Amino acid sequence: MCGELLDTEIINKLPKNEFYDVINPEDWYYNAVYYCASRGYIQGNEKGQFMPDGKLTREQFVVILGRVAGADLSQYTETKFTDVKINSWYGSSVAWANKNGYVNGISKCKFGVGKNIDRESLATILYRYAQKQGIDVSSKADLTVYSDYAKISSWSKDACAWAVNAGLLGSTNTNYLILSPKMTVTRAQAAKIFMSFDSIK
């Protein structure tokens, strides 16, 4: 379904070798990477690498979310988190995401800068964002079919059930159903999720 909704015209305008490590159209993340890159959601490094297997941190995720939202970050000049430098490349994005109720810290005073984001946390942040954008989040999947259902945190179950139903998350194994809620999200996975998210906005 996501491939059918993909704006191929934009992707086709990009050099096929824009990222030296994303060159095989058969890779499951190929279209998603160039979809997100063409919209400025996720960027590569100065060496022309996307780093599809790279781990995504909490601050990197909210920076991407801010780009997806087209957020005006200029007014976000303060933060309650002691580990967030407001003038850093991520500071205003964290302040924006927290102020609008999309993301909390790992404690009252700490955001968790440098910590990898896992699948259930990503689902929760997107769930909150979708709600506040007026997206219908009422339809939810039955998570009990997943073998690791008991490992899904109580605070994320509604979000994960919505994300699965919306096609944002699915089994991490092709042979059996396992949601892997604590698994760290990679950059390639994030690209795929945001491309899918655009199709339901």
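Here are some notes on the helices and a few single residues in this predicted model.

1. Confidence first. The average pLDDT over the chain is 92, and 92% of the residues reach at least 70. The exception to keep an eye on is residues 1–6, where the pLDDT is below 50; beyond near neighbours in sequence, that stretch has eight contacts in the model.

2. On to the α4 and α5 pair. Their axes come within 9 Å and cross at roughly 75°. Anything from 65 to 115 degrees counts as roughly perpendicular, so α4 and α5 get that label. From α4, the residues in contact are Glu 59, Val 62, Val 63, Leu 65, Gly 66 and Ala 69, and they meet Ser 93, Val 94, Trp 96 and Ala 97 of α5. Sorted by class, this contact has seven nonpolar, two polar and one charged residues.

3. How enclosed is α5 by the rest of the structure? Largely so, because eight of its nine residues are buried. The buried set is Gly 91, Ser 92, Ser 93, Val 94, Ala 95, Trp 96, Ala 97 and Asn 98, and these residues pack against α4. After the helix comes Gly 101, which has a positive phi near 80°.

4. Leaving aside residues up to four places away in sequence, Ser 92 touches Leu 73, Tyr 76 and Ile 86.

5. Next, α6 against α7. The axes of α6 (residues 119–132) and α7 (residues 157–165) come within 8 Å, crossing at roughly 80°. These two helices are therefore roughly perpendicular to each other. On the α6 side the contact involves Glu 120, Ala 123, Thr 124, Leu 126, Tyr 127 and Ala 130; on the α7 side it involves Asp 158, Ala 159, Cys 160, Trp 162 and Ala 163. The class count here is eight nonpolar, one polar and two charged residues.

6. What covers the buried residues of α7? The cover includes α6 and α8. The buried residues themselves are Ala 159, Cys 160, Ala 161, Trp 162, Ala 163 and Val 164. Just past the end of α7, Gly 167 adopts a positive phi of about 85°.

7. A quick geometry check on α8, residues 187–198. With 12 residues at 1.5 Å a residue, the helix should span 16 Å, and its end C-alpha atoms are 17 Å apart, which agrees. This helix is mostly covered, with 10 of the 12 residues buried. Among the buried ones are Ile 193, Phe 194, Met 195 and Phe 197, and the list also takes in Arg 187 and Asp 198.

8. Last, a residue from a loop. Glu 46 is placed between α3 (30–38) and α4 (58–69). Is Glu 46 buried or exposed? Exposed: its relative accessible area is 74%, and the cut-off for exposed is over 50%. Cys 160, by contrast, is among the buried residues of α7. Glu 46 and Cys 160 are 114 residues apart along the chain, and their C-alpha atoms are separated by 34 Å.

Notes:
Residues numbered from 1 in each chain as written. Predicted model: local features only at pLDDT ≥ 70, side-chain atom pairs only at ≥ 80, totals over all residues. Heavy atoms only, no water. Axes fitted to C-alpha atoms, helices over the stretch in contact; angles between N-to-C directions. Helix = DSSP H or I, 4+ residues; strand = E, 2+ residues; numbered from the N terminus. Parallel < 35°, antiparallel > 145°, perpendicular 65-115°, else oblique. Contact = heavy atoms within 4.5 Å. Nonpolar A, V, L, I, M, F, W, Y, C, P; charged D, E, K, R; others polar. Expected span 1.5 Å × (residues − 1). Buried < 20%, exposed > 50% of the residue type's maximum accessible area, 1.4 Å probe, protein only. pLDDT = per-residue confidence, 0-100.
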